[in-house]
Amino acid sequence: MTSELEAPDSPTLRRLLMGRSTADSPVTHVREMPARAGVTVPWPEWTGPELRSALTASGVRLPWSHQVEMAELGWSGRHAVIATGTASGKSLGYQLPVLGALQADPRATALYLSPTKALGVDQLTTIGELGIEGIRAAAFTGDTPMVERDWVKAHSRWIFTNPDMLHRNLLPNHERWSHFFRRLRYVVIDECHTYRGLFGSHVALLLRRLRRVTARYRAEPIFLLASATVSDPAVSATRLTGVDCVAVTEDNSPRGSRTVALWEPPLLEDLTGENGAPVRRSAGAEAAGLLADLVAQGTRTLAFVRSRQGAELTAMQAGHQLSFVAPELVDRVAAYRGGYLPEDRRRLEAALNSGELLGVAATNALELGVDVSGLDAVLVAGFPGTLASFWQQAGRAGRAGEHALIVLIARDDPLDTYLVHHPKAVFDRPVEATVFDPGNPYVLAPQLACAAAELPITPDDLTLLGGDDARPVVDRLVADNVLRKRPRGWYWTQGSSPHGMVDIRGGDGVQVAVVEGDTGRLLGSVDGESAPAHVHPGAVYLHQGESFVVDHLDLQEGLALVHRENPEWNTMARSSTEVVVREVLKHRRYGDAVSVALGEVEVTSQVVGYLRRLPNGVVLDQVPLDMPARTLITRSVWYTLSDELLYGNAPGGAGLDPARAPGALHAAEHAAIGLLPLFATCDRWDIGGLSTVLHGDTGEASVFVHDGHPGGAGFADRGYSALVPWLAATRETIASCECPAGCPSCVQSPKCGNGNEPLDKAGSVVVLDTVLGIVRGDGAE
C-alpha cells in the first residue's frame with residue numbers, strides 16, 4: 001500500500017491528473033490495493049450432475065471456498081449469513097443449497113427477498129439462464145403484470161420478490177399462498193446490510209411475521225443471508241431474522257488490483273457562497289468532469305451520486321462537456337435512479353450491460369448486486385454514509401479481475417472533509433455494524449396490527465414479535481379499539497387490512513405523482529414525506545436529462561404539476577425546527593457545568609424556503625415558502641452547558657461573549673450533525689438538530705441532534721454512546737478547515753432554515769473544547 005501522490009499505479013488516474021502539479025492536485029491520498037488470488041474447492045458431494053453441469057456451463061469451473069462453506073451450512077439446515085466483498089460470488093453460496101433442495105424435492109419451494117427490484121430481476125435472470133428444469137423461478141413484484149401473478153402463485157417454486165410485496169400481498173393473503181408456505185424450505189435475504197434504521201426495524205418484524213405464518217402451515221424455513229462486509233454479521237443477521245445465524249466472512253475470491261484515490265475539489269476563485277463563505281466546486285460537478293474525461297478515454301465508468309436530482313445533473317453536465325471534445329459519445333452517457341418507470345429501468349440496465357453506455361451517473365439504486373460487468377472505474381461523488389456502502393459501490397469496478405480505479409470525491413461537507421484528510425478513517429477503520437431497533441413502538445404498533453390481521457396474536461407470539469417491548473404496545477392498541485383481547489389472544493377488529501397504510505420503508509405511505517401539466521404525462525413519483533422538500537412550488541425537477549419546474553404541489557391529492565423549463569440554477573429546500581423534551585431516558589451530569597442526555601423528543605419541522613444555486617455553488621437568492629409543518633416523536637441526544645461555564649472566565653470555562661454564544665452553539669450543532677454518520681450508520685439527512693442559548697426544557701444552553709424518523713432509528717443512541725470521539729472528530733474538522741469564518745466543509749449546513757446565521761466558527765471550537773475537557777474528566781454523576 002502507498003500514499004505517494006506523484007506516481008499512482010493507475011494509468012487512468014495519471015491521465016486524470018495530467019498537467020496538474022503536486023501542489024495543485026485535488027488528490028489528498030492514494031491507496032494501492034494489490035491483486036488477490038482465489039482459492040477453489042471441489043463441489044459439495046450432494047450437488048447433482050445436472051446442477052454442476054449447468055453451473056460449469058455458466059462459467060463456474062469450481063466454487064470458491066467461502067461459497068462452499070456457506071452452501072454446506074445451508075444444506076445442513078443451519079441459518080447462515082455470508083459477508084464477503086463485492087463481486088466475491090456470494091450468490092452461489094445460497095443458490096447451491098436452494099437449487100439442490102428444489103431438485104431433490106419437486107414439492108419444495110423457496111423465497112428470495114431483495115431490497116430493490118433491479119437486484120431481484122438480475123438474480124432471477126441468473127437462475128433462468130442456468131436452464132435447470134422444474135425450478136420454475138419467477139418474479140412477484142409491483143412490476144409483475146396482473147395476468148402473470150396468478151401463474152406465479154399457482155406454479156412458481158422459487159419466488160423472487162421484495163419486503164414490500166411480502167408485506168402487502170403474500171402475508172395478508174397467506175391462505176391463498178398456503179401451498180407455497182407449507183412447502184417453504186429456504187428464505188434468502190440478499191444485501192441484508194441495507195436493512196438499517198427504520199426500514200431495518202420494519203423488516204426485522206416483517207420476517208418474524210413470516211416465521212409466524214410459515215409455522216401456521218408447519219414449515220420451518222432455513223434463512224440464508226448475503227451481506228456486504230459489515231461488523232458482526234452474525235449478530236446483525238440474528239437480530240434481523242430472530243434466529244441464530246452463523247457467519248461466513250473469509251473471502252477467498254480473486255480480485256484485481258485497485259487504486260483508490262481521495263479527491264477534494266478545489267476552492268473556486270472569485271466566487272463566494274452563502275454569507276460570503278468560500279465555495280468548493282461541488283462533488284457532482286467534479287464527478288461530471290471526471291466522468292466526461294473517463295468516457296472520452298474509453299473507460300467504462302459508473303458515477304455514484306447522492307440524490308436523484310444530482311444523478312440527472314451529473315449525466316447532463318458530462319454529456320455537455322463531451323459535446324465539445326467527443327460529440328459522438330454524448331449519447332453513451334445516461335442517468336439511472338429510482339423513480340423511473342419499470343421499462344426505462346430495464347432499458348438502461350440492458351444498455352449498461354451491453355456496453356452501449358460508457359458512462360452512467362447513478363444513485364445507490366445501482367449500488368446493490370445487479371451484475372454490471374466490465375467496468376473500469378467508479379466515481380463516488382460524496383461519501384455514501386457508511387463504509388459498507390462505500391466499499392460496495394467501489395466493488396462495482398474491476399469485476400472481471402482487471403485493475404480498477406475508485407475515486408471518492410468529497411462534498412463540501414464536514415464528514416467528507418474529515419475523511420479525505422484522515423485516510424485511516426476510510427481504509428483502516430472497521431466497517432460499521434448495522435443499526436436498527438425492532439423495539440421502536442412506532443414500528444411495533446403498525447406491525448402488530450398487521451400481524452393480528454394475518455393471524456390472531458397469542459401470548460407466545462408476543463415473545464416472537466417484540467418481547468417485553470410488545471406488551472405495552474398491544475395494550476395501547478386494545479385501548480384504541482384497534483385490537484380486541486379475547487381468552488386465546490388479540491384479534492384485529494377493523495375489517496379491512498391495515499397493510500396498505502403501513503409503509504415499511506419509513507415514509508408516510510403516500511406517493512406524490514409528478515405530472516407534466518401541459519401533456520398529463522406521468523414523469524415519476526416521490527414519497528409524500530419528502531415532497532415538500534423536493535417538489536415544492538419553484539423546485540427544479542430533473543427527469544432523464546429533461547429539466548422541469550414545479551408549478552403546484554397538492555399533498556392531499558398526491559399531485560405535483562410541473563412544466564418544462566431549463567433554468568440555470570438548481571434548488572435546495574430550507575427548513576426550521578423546534579424540539580420539546582418529552583422524556584429523559586439516560587442522563588450524565590458532570591458537576592454543575594455540563595450534562596449529556598438521551599431521550600424522547602417532539603420535533604416540529606417545516607420547509608420555510610429554498611435556495612436557488614448555480615451549478616458552481618453560488619447562491620442566487622432564497623425564496624420563502626409556507627409548507628405544512630410536520631411533527632414527529634423521536635429520540636435525541638443532547639448536551640447542555642451552564643451559564644457559568646459558557647460565559648465565565650474561570651479555568652476550564654469557555655469565556656464567550658454572550659453575543660457570540662448563539663453562533664458558536666449553532667456552528668457546533670451543524671458540524672456535529674455532519675460528523676455523526678462517522679459513528680452511526682446514517683446519513684446527515686436522516687438526522688436533524690437544534691441549538692439555543694436557553695432551552696425551555698433544559699434551562700441551559702443546549703445542542704440537540706435527533707433522529708429524523710418516528711420513534712428513532714438508533715442514531716441518537718449511537719451518538720450518546722460515542723459522544724467523546726464524535727465531538728472530538730467534530731472539533732478537529734472545524735479547527736482544521738482552512739476557511740476563515742465557516743464554510744460548507746465545516747459549519748455551514750445545506751438545510752439550515754436560518755440561512756446559516758448566526759455562525760461563529762472559532763466560538764464553536766471553544767465550546768467543543770470546553771465540553772470535551774469536562775466530559776473527558778469522567779466526573780459523571
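Okay, let's start at P172, which is in the loop between α7 (163-170) and α8 (178-182). Helices here are DSSP runs of H or I with at least four residues, strands are runs of E with at least two, and both are numbered from the N terminus. This is a predicted model, where local features need pLDDT of at least 70, side-chain atom pairs count only at pLDDT 80 or more, and totals for chains, interfaces and linings use all residues. Residues are numbered from 1 along each chain as its sequence is written, and side-chain values use heavy atoms, with hydrogens and water left out.

Buried means under 20% relative accessible area, exposed means over 50%, and partly exposed is in between, using a 1.4 Å probe and protein chains only.

Which residues does P172 touch, if we skip neighbours within four places in sequence? They are L166, H167, E454, S497 and H499. A contact, by the way, means heavy atoms within 4.5 Å. Take E454 from that list: P172 and E454 are 282 residues apart along the chain, yet their C-alpha atoms are separated by 5.4 Å.

Here's another loop residue, A433, sitting between α16 (424-427) and α17 (441-454). A433 is also partly exposed, at 34% relative accessible area. Leaving out residues up to four places away in sequence, A433 touches S231 and T681. And from A433 to V235 we have 198 residues in sequence but 9.0 Å in space, C-alpha to C-alpha.

Of the protein chain's contacts with a separation of 6 or more, 73% are between residues 24 or more positions apart.

Most residues other than glycine have a negative phi, and most peptide bonds are trans. A87 isn't a glycine, but its phi is positive, about 70 degrees. Where is A87? Look in the loop between β2 (80-83) and α4 (90-104). With 35% relative accessibility, A87 counts as partly exposed.

R218 has a positive phi too, near 60 degrees. R218 is in the loop between α9 (197-216) and β7 (222-227), and its 79% relative accessibility makes R218 exposed.

Then there's the peptide bond between E757 and P758, which is cis, with omega about -10 degrees. Find P758 in the loop between α24 (723-736) and α25 (761-775).

Let's zoom out. How many helices and strands does the protein chain have? There are 25 helices and 29 strands. Its radius of gyration is 26 Å, close to the 28 Å that the globule rule gives for 781 residues, so the chain is as compact as a globular protein of that length. That radius is taken over C-alpha atoms, and the rule is 2.2 Å times the number of residues to the power 0.38. The C-alpha trace spans about 80 × 70 × 60 Å along its principal axes, and 57% of the 781 residues are buried.

Last thing: how far can we trust this? pLDDT is the predictor's confidence in each residue, from 0 to 100. The chain's mean pLDDT is 90, and 96% of its residues reach 70 or more. Over residues 1-6, though, the pLDDT is below 50, and in the model that stretch has 14 contacts beyond near neighbours in sequence.
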